[in-house]
Amino acid sequence: MKQSVVKIDNLVKRYGELVALDHFSLDIHEGEIFGLLGPNGSGKTTTINCLLSLLSFDKGDIQIFGRKMTPTSYDIKQQIGVIMQNVAVFDELTVAENIDYFCGLYITDPVKRRQYTEEAVQFVGLEDFLRFRPKKLSGGLLRRLNIACGIAHKPRLIILDEPTVAVDPQSRNRILEGIAALNRSGATVIYTSHYMEEVEQLCTRIAIMDKGKKIAEGTKDELKRMIRNTETVTIEILALADDIRAEIAALPHIYDTAYDGSRLTVFCSGGKHNLIRILHVLQEHSVSFGRVYSELPTLNDVFLEITGKALRDKGD
Ligand code: ADP
Ligand code: MG
């Protein structure tokens, strides 16, 4: 059994009337890249702030590295690297000075401090921007600087709160690869996001949150096995009679269909050859169709089946 790095028991956090965390529990082990996945407002940042003792809470217990976390647990805090959702660097300092400053908060030996700062620069790929001030950096580079400041002291636990929001694809990939590399070199990672694809790609275990509650937890494969959806077939059809749609809906393994006037979506649970059977019905009735595709379940389907709403934001 791997050592517990973070243990949250029955956490309750209220903001006035609003219950932001509702008996929320987590157990994160050494070596994991643990994903907290949930829509905006589900309580991810509140969880992180409670974890770090930056926010008081109404009920519950938090242990980090097997010890109770309190606002004065400096020895624990020293071993944590935090990358907050809102970038927090000094505008007056250059890229190199910022990283050196944050590293110096933890690392006092000057030789080690210089070495760690250089490694952090290379790590996020900011070698060409050392003398830039933050205001001169693009959004993606600024995020990378924020990350370098958070990880330069080589913490045992790294917490990243939505580090890829509004980041260009190149920086995004660099960030995701960087997190995987930090994990390979021994760090335990907590990663929050509302982008299910990222969480699915990166995380070894995932907790899905909604309205301050944990609604599901497991590896991505375990999460997908919790739902009945095994395949979603989509077919472009410009005109589809109700009786033909009903005939498709009555085929084996099909539990739901949707038609929006141009696309038929068929939700299947188990079974093989679903697509062939559906196309056979269309052919029998001489219905012409365009593009056809079949998708395996995503974490969005998991969220949809459990909560009845989509995780994906429109336009995201
Ligand atoms: P997430 O990080 O998943 O987007 P948050 O933890 O920021 O979610 O927010 C959870 C809920 O708590 C939301 O409904 C949000 O509006 C509310 N909330 C967050 N911070 C505050 C605050 N300081 N005062 C009042 N309500 C807050
Ligand atoms: Mg947040």
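**A buried histidine**

Guide: His194 counts as buried, at 8% relative accessibility (buried means under 20% relative accessible area, exposed over 50%, partly exposed in between; 1.4 Å probe, protein chains only). This is a predicted model: local features need pLDDT of at least 70, side-chain atom pairs count only at pLDDT 80 or more, and totals for chains, interfaces and linings use all residues. Residues are numbered from 1 along each chain as its sequence is written, chains are lettered from A and ligands numbered from 1 in the order written, and side-chain values use heavy atoms, leaving out hydrogens and water.

Visitor: Where is the place of His194?
Guide: In the loop between strand 8 (188-193) and helix 7 (196-202). Helices (H or I, at least four residues) and strands (E, at least two) are DSSP runs, numbered from the N terminus.

Visitor: Which side chain does a polar contact join to His194?
Guide: That of Glu162, at 2.8 Å. A polar contact is a pair of N or O atoms within 3.5 Å; within protein, one must be able to donate a hydrogen and the other to accept it, and residues adjacent in sequence count only if both atoms are side-chain atoms.

Visitor: What is the relative accessible area of Gln85?
Guide: 29%, so Gln85 is partly exposed. Thr45 is also partly exposed, at 26%.
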